[in-house]
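Hi there,

Here is the structure I promised to pass on to you. Have a look at it first, and then read on for what turned up.

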Amino acid sequence: MIHEITIGIEAPDREQAVALAQALVQIKNSLSDQDLKDLARLLKEKPGMVKTAKRFLG
């Protein structure tokens, strides 16, 4: 079942806000619900993990 939720995304313009929203949907669709929740918790606790992961992933 699809539930429509309205969110606000801070971005310089609508085009970039739409691109960010699409990226969020892609992340959600790539992960299980629990994995998505775990990822959000980890990123909240340790936001530097993204830089570390990017170094390892190239």
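Some housekeeping before the rest. This is a predicted model, so local features need pLDDT of at least 70 and side-chain atom pairs count only at pLDDT 80 or more, while totals for chains, interfaces and linings use all residues. Residues are numbered from 1 along each chain as its sequence is written, and side-chain values use heavy atoms, with hydrogens and water left out.

On confidence, the protein averages a pLDDT of 95, and 100% of the residues score at least 70 (pLDDT is the predictor's confidence in each residue, from 0 to 100).

Now the fold. The protein has three helices and zero strands, in the order α-α-α along the sequence. Its radius of gyration is 14 Å, well over the 10 Å that the globule rule gives for 58 residues, so the protein is more spread out than a compact globule. That radius is taken over C-alpha atoms, and the rule is 2.2 Å times the number of residues to the power 0.38. Helices (H or I, at least four residues) and strands (E, at least two) are DSSP runs, numbered from the N terminus. Along the principal axes, the C-alpha trace spans about 35 × 30 × 20 Å.

As for the surface, 2% of the 58 residues count as buried. The accessible surface comes to about 5,700 Å², with 58% of it belonging to carbon and sulfur atoms (Shrake-Rupley method, 1.4 Å probe; for residues, only the protein chains shown count as cover). After α3 comes Gly58, whose phi is positive, near 90 degrees. In the segment before α1 you will find Pro12, which is exposed at a relative accessible area of 70%. The C-alpha atoms of Pro12 and Gln26, 14 residues apart along the chain, are separated by 21 Å.

Then the charges. A search of the whole structure finds three salt bridges (a side-chain nitrogen of Lys or Arg within 4 Å of a carboxyl oxygen of Asp or Glu). One of them joins Asp33 to Lys28, with the closest N and O atoms 2.9 Å apart; Lys28 is partly exposed, at 35% relative accessibility.

What links Asp38, Arg41 and Glu45? These residues are linked in a network of salt bridges. Arg41 meets Asp38 at 4.0 Å, N to O, and Glu45 at 3.7 Å, N to O. Arg41 and Asp38 both lie in helix α2 (residues 33-45), three residues apart, about one turn of the helix. Glu45 and Arg41, also both in α2, are four residues apart, again about one turn. An α-helix has 3.6 residues a turn, so residues three or four places apart point the same way. Arg41 itself is partly exposed, with a relative accessible area of 41%.

Happy to talk any of this through.

Best wishes

Technical notes. Buried means under 20% relative accessible area, exposed over 50%, partly exposed in between (1.4 Å probe, protein chains only).
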